[in-house]
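Open the structure in your viewer and keep the sequence panel beside it. The stops below say what to select next and what is there.

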Amino acid sequence: MNIDEGIHTPHASSMTEGEEGCSRNIITPPATVDPSDIQTPNPGHIYTHRDDMDEAWIPRVGRCFKSEEEAHEFYCTYAEKAGFEPKKANKSGNTRYFRCNRFGKGEYYKKDEAERKTGKTSKKTSCLAMIKLKFRRDEESNEKVAEIEQVRLDHNHVLLPKPTETKQMRAHKNKDPLLLDYVDDLQANDVPNHCVRNIIRGMHGGEENIAMTDKDLENRCVAKLNIYIFFAFIVEI
């Protein structure tokens, strides 16, 4: 028996004849989504922080900080309580902007459907929420301070003030060096990630207070392993 006889090789003609049947296996790309459908459930609605938020955490014009870093930390705290992710924006001369991370235009699709990139989406909604800092010299101490010159607290998208939701945002992930060192020690002793999370949950009084996800723990474990491999390679050289 010839080996080739047991192998069926489809010819171009047979593929043409079964073209209708083969079409079922072709994955249909997802439908194009208009940006207005993603921006917010209610385009005409304005979203802002809760009414019961402590006034001390709300940005106001005229508030001063000792440095840009202190102002950024303050705005990050406000953003976490309000339910959005902040970012450092443009800086020029004596001014600096801190904006909502959804600032900017999101290109959800190209005009030509044939050139559309499947899965290419964006969370940008042209949100204009921001604070503008102005750096100046204090008249009494002559020290350089950062003063809030302009504030806009309204967002055009839904806010997520729950701790279980804000902890997923990169800007609000817990980066306490003591906690990270403790996690490293647990992982170095082969403690499974789900056990690490249980330990941290008990330390912080609940799941909602943990700003580290399972993926964060996995990534940290892999990063430490890569560093170990790198130094082992250097030693061998």
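The tour goes from the whole chain to the sheet, then to the cores and a few single residues.

**Before selecting anything**

This is a predicted model, in which local features need pLDDT of at least 70 and side-chain atom pairs count only at pLDDT 80 or more, while totals for chains, interfaces and linings use all residues. Residues are numbered from 1 along each chain as its sequence is written, and side-chain values use heavy atoms, with hydrogens and water left out.

**Stop 1: the whole protein**

Show the cartoon. There are eight helices and five strands. Here helices (H or I, at least four residues) and strands (E, at least two) are DSSP runs, numbered from the N terminus. Along the sequence the pattern reads α-α-α-β-α-β-β-β-β-α-α-α-α.

Now switch to a surface. The accessible surface is about 16,500 Å², and 52% of this belongs to carbon and sulfur atoms; such areas come from the Shrake-Rupley method with a 1.4 Å probe, and for residues only the protein chains shown count as cover. Of the 237 residues, 27% are buried. Buried means under 20% relative accessible area, exposed over 50%, and partly exposed in between (1.4 Å probe, protein chains only).

Contacts are the last item at this stop (a contact is heavy atoms within 4.5 Å). Among contacts with a separation of 6 or more, 60% are between residues 24 or more positions apart.

**Stop 2: the sheet**

Select the five strands. In what order do they lie in the open sheet? The order is β1-β5-β4-β3-β2, with antiparallel pairing. Two strands pair if DSSP finds at least two bridges between them. Strands of a sheet pair through backbone hydrogen bonds, either parallel or antiparallel.

Select 64–65 and 86–92. These are β1 and β2, the edge strands; each has a single partner strand, so one side of each is left without a neighbour in the sheet.

Then go through the pairs:

- β1 and β5 are antiparallel, with two bridges; Phe65 is opposite Ala146 in β5.
- β4 and β5 run antiparallel and are joined by eight bridges; Leu133 is opposite Ile148 in β5.
- β2 and β3 are antiparallel, with five bridges; Lys88 is opposite Phe98 in β3.

Go back to β4 and β5, which form a hairpin with six residues between them. In its turn, select Asn142, which has a positive phi of about 65 degrees.

**Stop 3: the cores**

In soluble globular proteins, nonpolar side chains tend to be buried together. A nonpolar core is a set of buried Ala, Val, Leu, Ile, Met, Phe, Trp, Tyr and Cys residues joined through side-chain atoms within 4.5 Å.

Show side chains for Tyr75, Tyr78, Phe84, Phe98 and Leu133. Of the 22 residues in the largest core, these touch the most other members. The elements giving two or more residues are α4 (68–82), β3 (95–100), β4 (130–137) and β5 (144–152). The largest share, six residues, comes from α4.

Stay on Leu133. Leaving out residues up to four places away in sequence, Leu133 touches Ala71, Asn94, Thr95, Arg96, Phe98, Ala146, Glu147 and Ile148.

A second, separate core has six residues, among them Leu179, Val196, Ile200 and Leu217.

**Stop 4: single residues**

Select Ser126, in the loop between β3 and β4. This residue is not a glycine, yet has a positive phi of about 60 degrees. Is Ser126 buried, partly exposed or exposed? At 39% relative accessibility, Ser126 is partly exposed.

Select Asp190, in the loop between α6 (177–188) and α7 (193–204). The phi of Asp190 is also positive, near 60 degrees. With 68% relative accessibility, Asp190 counts as exposed.

Select Asp216 in helix α8 (residues 214–236). Asp216 has a relative accessible area of 19%, so it is buried.

Finally, select Cys64 and Cys76. Cys64 is partly exposed at 36% relative accessibility, whereas Cys76 is buried at 14%. Taking a disulfide as a pair of cysteine sulfur atoms within 2.5 Å, the count is zero.
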